[in-house]
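Here is a short briefing on one residue's surroundings and on how two chains pair. Keep the structure open while reading.

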There are 2 protein chains.
Amino acid sequence: MTNTATLAPERSAPRKRDAEATKRAILDAAKIHFARSGYDGAYLRDIAADAGADAALINRYFGGKDGLFQAALKDSIAPDAISHWSRASFGLDVATMMAGHAHQQVERTHAFEFLLQAATNPATAKLLNVAVQERFLGPIRAWIGGKDAEPRARVLASVFIGLLVERLIRDEALEGAERDIFIKRTATVLQSLVEN
Amino acid sequence: MTNTATLAPERSAPRKRDAEATKRAILDAAKIHFARSGYDGAYLRDIAADAGADAALINRYFGGKDGLFQAALKDSIAPDAISHWSRASFGLDVATMMAGHAHQQVERTHAFEFLLQAATNPATAKLLNVAVQERFLGPIRAWIGGKDAEPRARVLASVFIGLLVERLIRDEALEGAERDIFIKRTATVLQSLVEN
DNA sequence: CGCTTAAGTCATCCCCCGTTGACATCTGTC
DNA sequence: GACAGATGTCAACGGGGGATGACTTAAGCG
């Protein structure tokens with residue numbers, strides 16, 4: 001279960017000494033590796049290699065694998081993922097998006113795979129919980145508003161996550177009548193969670 | 001990242017020598033561990049301990065960790081995993097279950113959690129797609145019945161998966177009013193996907 | 001009873017990978 | 001251009017955990 005292939009293009013000209021750029025490169029490589037292989041399956045040596053850096057630097061800059069993971073996690077969760085949708089058409093908008101294919105939005109998919117990996121590892125699930133609370137559930141909660149915002153945000157987030165996973169697993173975009181029904185059903189569910 | 005608590009009840013009377021029973025015990029323990037901790041996070045020593053067996057036997061009977069994982073996976077995908085539920089109380093039953101905590105091992109969700117783990121493992125991800133299609137979506141589809149069974153099964157599966165993930169990253173069981181609202185909302189969503 | 005074979009146990013090996021600290025090299029500043 | 005501090009490199013260590021094989025014990029059988 002080792003990853004033989006490196007992902008980053010060959011770095012013929014090793015970058016000038018620049019701690020920030022190096023951190024950035026490590027972080028980017030880490031996100032890809034964590035997304036693809038999970039916490040345990042991602043190896044610091046591989047990440048460092050892809051970043052064109054030495055594994056020891058990960059320790060210096062991030063304080064170890066755990067720190068790197070946390071940093072990558074934070075870097076992966078956009079705090080305002082939900083709130084730019086219009087409430088009136090939320091259900092339909094999201095449903096339509098989910099009917100498409102995951103590969104249509106590559107960067108987001110990477111981020112999401114990463115989060116899924118984090119969720120399925122008990123050790124990292126706790127970290128994810130904190131991050132999700134702050135950066136995902138919080139905004140949704142604020143957006144929903146009202147007394148029951150908290151549990152409702154939970155349900156909405158769950159459904160949202162489920163749809164993302166389904167789209168990830170599905171190997172092609174939905175079409176025709178199937179697509180229509182899917183969108184209609186999904187939109188109904190989502191909208192019912194936002195309204196009322 | 002070690003699992004201190006054993007799950008199986010104390011085996012005061014070590015079972016009589018019986019290869020089949022031992023295999024069975026190992027397999028059952030493995031399914032729990034893999035479901036909870038994923039491939040990397042599940043340790044053969046722990047599994048063997050829970051099965052009341054020696055780790056070396058895993059090698060003899062399953063040819064290594066990989067073989068055990070495959071065997072457990074195969075054993076986990078029961079084609080009728082969903083149909084145990086009553087249609088009338090499906091929404092409420094599932095919602096109540098999901099309000100609990102992931103550490104409360106729920107017999108009925110083991111298989112799904114296991115599949116979720118398999119989904120995030122590059123080596124087994126391919127298996128999952130087939131498994132989900134044949135063994136999960138299929139039964140749900142048949143169970144729902146009717147003309148639009150296919151896309152509706154999709155939506156139902158999505159929501160189900162989302163709830164599983166949410167439960168994984170939540171660090172405690174929901175309580176009080178929050179729990180009630182969560183259950184009510186979730187039950188409504190699920191039931192609406194089954195009925196009509 | 002012995003004998004044989006399967007079932008189970010134990011100690012040990014060995015590889016993998018995160019971590020560490022000493023060392024080398026670059027870069028900016030006076 | 002020399003010094004200091006930051007940046008990058010290297011080799012080695014050590015723990016964890018899967019694998020292995022020799023050893024022990026139980027079960028079936030004549």
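A:Ser76 touches A:Lys31, A:Ala111 and A:Phe114, leaving aside residues up to four places away in sequence. The model is predicted. The points below cover this residue first, then the pairing of chains A and B.

**A:Ser76**
- A:Ser76 belongs to helix 4 of chain A, which covers residues 65-76.
- The relative accessible area of A:Ser76 is 13%. Buried means under 20%, so A:Ser76 counts as buried.

**Relation of the two chains**
- Chain B superposes on chain A by a rotation of 177°, with 0.8 Å of shift along the axis. The RMSD is 2.9 Å.
- The two copies are therefore related as by a two-fold rotation axis.
- In chain B, the C-alpha nearest the axis belongs to B:Gly162, 1.0 Å from it.
- Both copies use the same surface: 93% of the contact residues of chain B recur in chain A.

**Helix 8 against helix 8**
- Helix 8 spans residues 149-169 in chain A and residues 149-169 in chain B.
- The two helices pack at an angle of about 120°, and their axes lie 7 Å apart.
- Helix 8 of chain A passes helix 8 of chain B in a right-handed crossing.
- From chain A, the contact residues include A:Arg154, A:Ser158, A:Ile161, A:Gly162 and A:Glu166.
- From chain B, they include B:Arg154, B:Ser158, B:Ile161, B:Gly162 and B:Glu166.
- By class, this helix 8 contact has 8 nonpolar, 4 polar and 4 charged residues.

Methods: Residues are numbered from 1 along each chain as its sequence is written. Chains are lettered from A and ligands numbered from 1 in the order in which they are written. This is a predicted model: local features need pLDDT of at least 70, side-chain atom pairs count only at pLDDT 80 or more; totals for chains, interfaces and linings use all residues. Side-chain values use heavy atoms; hydrogens and water are left out. Helices (H or I, at least four residues) and strands (E, at least two) are DSSP runs, numbered from the N terminus. Buried means under 20% relative accessible area, exposed over 50%, partly exposed in between (1.4 Å probe, protein chains only). Contact means heavy atoms within 4.5 Å. Copies are superposed by least squares on the C-alpha atoms of residues with pLDDT of at least 70 in both. Axes are lines fitted to C-alpha atoms, for helices over the stretch in contact, and angles run from 0 to 180 degrees between N-to-C directions. A crossing is left-handed if the near helix is turned anticlockwise from the far one by less than a right angle, and right-handed if clockwise. Ala, Val, Leu, Ile, Met, Phe, Trp, Tyr, Cys and Pro count as nonpolar, Asp, Glu, Lys and Arg as charged, and the others, Gly among them, as polar.
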